Amino acid sequence: MWNPSVRRIITIRNSSCEGISKEFSWISPGCGYDFDAGVFKLVRIIYDSPNCEAPYDLEKTEIEVYNLSTGSWRKIENLVVNWIIYCQLRILYVNGFVNWLAFHPERHDEDLIVAFDVKSEDFRTLELPDLEMEGDYRGPLLKEYKDMLAFFVCGNFVVCWNDCN
């Protein structure tokens, strides 16, 4: 991991990731800062598939958090994952939350925002507004706008959230 503000590189050691097929797994990472504890944390969501053509097995999804001050990984237990992170869209850290765009596997037309609270190490989901989009459009994108999480479509539509509560 590289911190450009202090021009320092550190090597993060691997975790155990039991039960994950290394060949067909996919990892969605994130990074944020816990202001109360004064520590950076990494989070990674590891999806598994039995082969390259099968869907992800959400029951085998593993989530781990790395604390940079202790130098150790911790597995988040007993979390029901019923969403899949879009891999091509960027990850965004805003106000203590790492945010990703995701979708429900059974309902591909229902996107949502998955937010990881860096302090509590908890996940929350935010349903997106039901937008009637006609024709070609670009997006969707998550951005930071005036210190809030914002959802953009077509470069001119914005819905903002002050926090994830």
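## Strands from end to end

Strands here are DSSP runs of E with at least two residues, and helices are runs of H or I with at least four residues, both numbered from the N terminus. Read along the sequence, this predicted chain follows the pattern β-β-β-β-β-β-β-β-β-β-β-β-β-β. That comes to 14 strands and 0 helices.

Residues are numbered from 1 along each chain as its sequence is written. This is a predicted model, in which local features need pLDDT of at least 70 and side-chain atom pairs count only at pLDDT 80 or more, while totals for chains, interfaces and linings use all residues; side-chain values use heavy atoms, leaving out hydrogens and water.

The chain has a mean pLDDT (the predictor's confidence in each residue, from 0 to 100) of 78, and 75% of its residues reach 70 or more. Confidence is highest in strand β5 (residues 62–67), at a mean of 92, and lowest in strand β14 (residues 157–161), at 57. Where pLDDT is low, the predicted coordinates should not be read in detail.

## Inside the chain

Of the 165 residues, 39% count as buried (under 20% relative accessible area, with a 1.4 Å probe and protein chains only).

Leaving aside residues up to four places away in sequence, Phe116 is in contact (heavy atoms within 4.5 Å) with residues including Val43, Val65, Trp100 and Phe123.

Terms used
Buried < 20%, exposed > 50% of the residue type's maximum accessible area, 1.4 Å probe, protein only.
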